[in-house]
Amino acid sequence: MGYGSGELIIRSYNAQNDRVRLEGLESICEVGPADKPFLFTDTLGDPICRIKNSPIYNMLVVAELGGQLVGVIQGTIKLVTLHKPPKNVAKVGYILGLRVAPAYRRQGIGSRLVTKLEEWFVACNVDYTYMATEKDNEASYKLFVNKLGYVKFRTPAILVNPVNHHRSSQISSNFKLTKLKIKEAESLYRKYLSSTEFFPIDIGNILRNKLSLGTWVAYPKGETWGKVPTSWAMLSVWNSGELFKLRLGNVPISCFMYTKSSQLIQKFLPCFKLPSIPDFFNPFGFYFIYGVYGEGPLYGKLVKSLCNFVHNMASSKSKDCKVIVTEIGGNDTRSKLHIPHRKSMSCSEDLWCIKSLKNEDGKRVHKLTTMPPTRTLFVDPREV
């Protein structure tokens with residue numbers, strides 16, 4: 001197929017030749033629907049930053065004849081828990097970072113990139129490939145579902161809580177918070193979450209990664225962690241801001257001015273105690289909370305205290321951390337009710353789509369998409 005200036009070439013990423021040009025491509029490609037505020041990604045000079053912590057990764061770059069980069073896609077492979085009898089472990093390929101330069105869209109480049117990446121997945125004996133997108137991203141939905149045969153799988157909720165660097169969140173004095181050792185955290189996750197959807201078999205590697213700031217548990221004071229408390233909650237924290245930054249675009253000037261004025265009031269007139277809106281117009285980082293779980297009648301209050309602790313940690317230790325993001329299963333209502341978040345910044349229904357890459361698994365995909373989801377959905381922080 002011709003693309004105006006020559007034949008489209010799809011090849012592997014070459015760091016020496018492509019890095020600078022790829023940064024330029026990323027800077028003009030928004031994340032999200034074009035008619036709404038969207039995010040730009042700053043990879044901090046490392047285009048593979050979002051995938052290099054995964055067990056296996058690959059990147060493909062589109063180049064037009066003449067050397068101009070017009071698109072890119074990334075993919076990772078891992079083993080996860082997935083309910084597909086007779087076995088419950090599957091090799092899955094995750095598609096992320098699909099970008100096509102605005103001037104070259106609607107020419108079939110995106111589908112060519114996805115197809116090429118799927119060929120790599122097949123060569124690596126991947127069972128299923130999946131992707132995540134905003135539920136109202138019409139272009140992405142049409143490409144993957146209508147054209148490439150993906151089916152709707154899960155609808156997790158993305159909860160976003162802005163970080164207030166001038167005020168701490170309250171942590172109940174009735175609870176005790178303890179940081180776990182990595183081996184203890186891994187043992188706990190394998191005991192309670194190994195049967196949840198998309199639980200990564202290499203959870204230990206995630207917890208040992210330098211970007212994982214730790215795992216904490218909370219339980220009532222007066223009880224001991226050595227014995228299982230009557231109520232408890234746990235979560236882990238990943239510092240995504242060390243890998244890449246985000247910046248908001250396509251925002252009305254009124255919103256921009258309101259943000260700036262609220263920050264000035266907070267700085268010079270703190271006695272008014274007005275909520276300050278973080279500056280999302282300059283590059284910012286974020287913490288990602290993952291592995292949220294717990295049991296008992298006080299679970300909700302305990303997980304709220306843990307989230308408030310994470311907020312205070314971000315506020316005191318990371319000046320450029322502007323938000324804390326948590327992604328949970330769409331039907332995990334008990335967590336959603338208690339995890340602090342701002343509704344206007346959150347997404348109550350994200351969209352995961354899945355596709356079988358093996359003919360014999362076609363019927364199993366249907367079963368997967370029609371089976372009731374487990375309450376807890378494990379979201380790998382390496383794929384955020």
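**Reading a predicted chain**

Student: How many helices and strands are there in the chain?
Tutor: The chain has nine helices and 15 strands.

Student: What is pLDDT, and what does the chain average?
Tutor: pLDDT is the predictor's confidence in each residue, from 0 to 100. The chain averages 84, and 82% of the residues score at least 70.

Student: Where is confidence lowest, and where is it highest?
Tutor: Helix H6 (residues 253-268) is lowest, with a mean of 40, and strand S10 (residues 212-220) is highest, at 98. Over residues 251-274 the pLDDT is below 50, and this stretch has 28 contacts in the model beyond near neighbours in sequence. A contact means heavy atoms within 4.5 Å. Where pLDDT is low, the predicted coordinates should not be read in detail.

Student: Changing topic: how many of the residues count as buried?
Tutor: Of the 384 residues, 52% count as buried. Buried means under 20% relative accessible area, exposed over 50%, and partly exposed in between, with a 1.4 Å probe and protein chains only.

Student: How many disulfides does a search of the whole structure find?
Tutor: The search finds zero, a disulfide being a pair of cysteine sulfur atoms within 2.5 Å.

Student: Is Cys-29 buried or exposed? And Cys-49, buried or exposed?
Tutor: Cys-29 is buried, because its relative accessible area is 0%. Cys-49 is also buried, at 1% relative accessibility.

Student: How many aromatic pairs are there?
Tutor: The whole structure has 18. Rings of Phe, Tyr and Trp (its six-membered ring) pair if their centres lie within 6.5 Å; planes under 30 degrees apart count as stacked, over 60 as edge-to-face and the rest as tilted. One of the pairs is Tyr-94 with Tyr-130, which is tilted, at 4.8 Å centre to centre and 40° between the planes. Tyr-94 is in strand S5 (residues 87-100) and Tyr-130 in strand S6 (residues 128-134), so this pair links distant parts of the chain, 36 residues apart.

Student: Why do Tyr-94 and Tyr-130 count as buried?
Tutor: Tyr-94 counts as buried because its relative accessibility is 8%. For Tyr-130 the relative accessible area is 2%, so Tyr-130 is buried.

Student: Why is the pair of Phe-153 and Phe-198 tilted?
Tutor: Their ring centres are 5.7 Å apart and their planes lie at 55°, so the pair is tilted. Phe-153 lies in strand S7 (residues 151-154) and Phe-198 in the loop between helix H4 (182-193) and helix H5 (203-208), so the pair ties together parts 45 residues apart in sequence. Both Phe-153 and Phe-198 are buried.

Student: Which residues do ring pairs link into a cluster?
Tutor: The cluster holds Tyr-94, Tyr-130, Phe-153, Phe-198 and Trp-352.

Student: What sits over the ring of Phe-153?
Tutor: The charged end of Arg-154 does, 4.4 Å from the ring centre. The rule is that NZ of Lys or CZ of Arg is within 6 Å of the ring centre and within 35 degrees of the ring normal.

Definitions and conventions. Residues numbered from 1 in each chain as written. Predicted model: local features only at pLDDT ≥ 70, side-chain atom pairs only at ≥ 80, totals over all residues. Heavy atoms only, no water. Helix = DSSP H or I, 4+ residues; strand = E, 2+ residues; numbered from the N terminus.
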